[in-house]
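Open the model in your viewer and keep the selection panel at hand.

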Amino acid sequence: MTSPSPEEALDSVVRHTTDNGVSWITLNRPAAMNAITPDQREHLISLLDHASADPTVRAVVLTATGKGFCAGADLRGAPAAAERVAGDVARLIRGGAQRLIAAVLDCEKPVIAAVNGTAAGLGAHLALACDLVLAAESAVFIEVFIRRGLVPDGGGAYLLPRLTGPQRAKELMFFGDALPAAEAERLGLVNRVVPDDELAKTARAWAERLAAGPTRALALTKALVNASLESGRPAAFAAEAAAQETNMTTADAQEGVSAFIERRPPVYRGR
């Protein structure tokens, strides 16, 4: 029997399909709780970049198989501490985990996390970087770094305070306790908690609704909201006006205005 090529092997652990305008990205290493290897990370970044550029993709769903959404970075291939030199770790994080989180934040299509199980460490941050987060009732979120004597990376200290406020973020990061999905929803980390057997159905409904929307308006809205966390009112207002100026050149904006005037449902084409 012929062994699978590296590309085929990678496709088996990161499944990807496009259906009805939705790019479905599924982590598929259930035996490893979907811990992410460097090759998987690079493939995820490539898929997200491709989703931004592909006009047939109008929304993205990120999910996983098995009992884990993502247990974080797979550290089994990491070099021993004695082999490192100054700067190695910082370069590894900048070029690895931070690039992955940035790829989600910068994706020009709305990204939904459908969290099917444990999301720990980088896996939690991968979910929280998404624009919308659906969680199965059995899902848990764990800021696991402190349990290993580590500082949170992969954007954790950036993402969490913006979602929960600094005190709650510190509580989660200082103690590293497992946070059940219902509590994550209460704290604002999750948009909606659904029964386990309804997660995929709900993710599909949300994604297809987004895919039927005005794609460029959604992209500009995402960029405005993300940038507003870093800017003051004058800069935010200027960015908003510029975004609307750009958006009004799109066919979807013209369709939306025409549909309103004509009192009919708009038909957006992502253009």
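Select Ile142 and show its contacts (heavy atoms within 4.5 Å). Leaving aside residues up to four places away in sequence, Ile142 touches Thr118, Ala119, Ala120, Gly121, Ala124, Arg147, Gly176, Asp177 and Ala178. Ile142 sits in strand β8; strands here are DSSP E runs of at least two residues, helices H or I runs of at least four, numbered from the N terminus. Ile142 counts as buried because its relative accessibility is 12%, where buried means under 20% with a 1.4 Å probe, protein chains only.

This is a predicted model: local features need pLDDT of at least 70, side-chain atom pairs 80 or more, while totals for chains, interfaces and linings use all residues. Residues are numbered from 1 along each chain as its sequence is written, and side-chain values use heavy atoms, without hydrogens or water.

Next, select Ala124, Leu128, Phe141, Ile142, Glu143, Leu160, Leu172, Asp177, Leu179 and Leu189: they line the largest cavity. A cavity is a set of points on a 1 Å grid over the protein atoms alone where a 1.4 Å probe fits but cannot get out; lining residues have an atom within 4 Å of a point. The elements giving two or more residues to this lining are α5 (122–128) and β8 (140–142). About 80 Å³ of space lies inside the largest cavity.

Now move to helices α3 (residues 88–95) and α4 (residues 97–106): their axes come within 3 Å and cross at roughly 20°. Axes are lines fitted to C-alpha atoms over the stretch in contact, with angles from 0 to 180 degrees between N-to-C directions. So α3 is roughly parallel to α4, the term for angles under 35 degrees. Select Leu92, Ile93, Arg94 and Gly95 in α3; they meet Ala97, Gln98 and Arg99 in α4.

Notes. Angles under 35 degrees count as roughly parallel, over 145 as roughly antiparallel, 65 to 115 as roughly perpendicular and the rest as oblique. On a 1 Å grid over the protein atoms alone, a cavity is a set of points where a 1.4 Å probe fits but cannot get out, and a pocket is an open set with protein on both sides within 12 Å along at least five of seven lines; lining residues have an atom within 4 Å of a point. Grid points are joined across faces, edges and corners, and a volume is the space filled by probe spheres set on the points. Buried means under 20% relative accessible area, exposed over 50%, partly exposed in between (1.4 Å probe, protein chains only).
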